[in-house]
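Colleague: I am new to reading models like this one. Could we go through the words used for it, one by one?

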Amino acid sequence: MQDAWKYRYLLDIDGNAFSGRFYAFLESKSLTFKMNIFQEWHEEWIKPWVHYIPLSLRGDDALEAVRFVSQESEGLRVASQITEAGRLWAKEGLREADLEAWFFRLLLEYGRLVDDDRETIGFSH
C-alpha cells in the first residue's frame, strides 16, 4: 500500500464492495480522488471537497479535476487544504474507539429494527 503513497494523486474506486484502500490513501501525503457507489459509515463526518475530491461514476470529470488541482493557483491551494484535511481526519477519525462507537450504534439500531416492540422501544409514554 505504501508504494502508492509516493504519487501526488491517488484514485480510489469502489468495486464489488467498498474500497478498503480509501483510509490508507487519506493517511498519505497524496491528494485522494474518490469514485464511489456505496454508502459508507463515515459519511456523517467526511465530506467531498473537504477531505477528498469526488468524481462522478462515469469519470468524465477526472481530467478536469486533475488539471484544476495541478495547474491553477486556486487549485493548488485547494489541493493542499484537502490533502491536509484528509490526513487530519484519518488521524483523528479512524481511532479504534471511534470504530467501536460506530459499531455499537449500528448494533443498537439493528436491535431496535428486529424488536417486535420497535415502535415504542426507547420511548416512555
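Predicted model: local features only at pLDDT ≥ 70, side-chain atom pairs only at ≥ 80, totals over all residues.

Colleague: Why is L26 called buried?

Modeller: Buried means under 20% relative accessible area, exposed over 50%, and partly exposed in between, with a 1.4 Å probe and protein chains only. L26 has 2% relative accessibility, so L26 counts as buried. L26 sits in helix α1 and, leaving out residues up to four places away in sequence, touches T32, I46, H51, G86, R87, W89 and A90. A contact here means heavy atoms within 4.5 Å.

Colleague: And what makes W49 partly exposed?

Modeller: The relative accessible area of W49 is 44%, so W49 falls in the partly exposed class. W49 is in the loop between β2 and β3 (53–54). Its phi is near 65°, a positive value in a residue other than glycine. Most residues other than glycine have a negative phi.

Colleague: How do you know that β2 and β3 pair?

Modeller: Two strands pair if DSSP finds at least two bridges between them. Two bridges join β2 to β3, and these strands run parallel. In this pair F33 stands opposite I53 in β3. Strands, like helices, are DSSP runs numbered from the N terminus: E of at least two residues for strands, H or I of at least four for helices.

Colleague: Why are β1 (9–13) and β3 at the edges?

Modeller: The open sheet has three strands in the order β1-β2-β3, with parallel pairing. β1 and β3 each have a single partner strand, so one side of each is left without a neighbour in the sheet.

Colleague: What makes a space in the model a cavity?

Modeller: On a 1 Å grid over the protein atoms alone, a cavity is a set of points where a 1.4 Å probe fits but cannot get out; lining residues have an atom within 4 Å of a point. Grid points are joined across faces, edges and corners, and the volume is the space filled by probe spheres set on the points. By this rule there is one cavity of 30 Å³ or more. The largest cavity holds about 40 Å³ of space. Its lining includes L26, T32 and H51, and α3 gives the largest share, four residues.

Terms used. Residues numbered from 1 in each chain as written. Heavy atoms only, no water. 1 Å grid on protein atoms, 1.4 Å probe; cavity = no way out; pocket = protein on both sides within 12 Å on 5 of 7 lines; lining within 4 Å.
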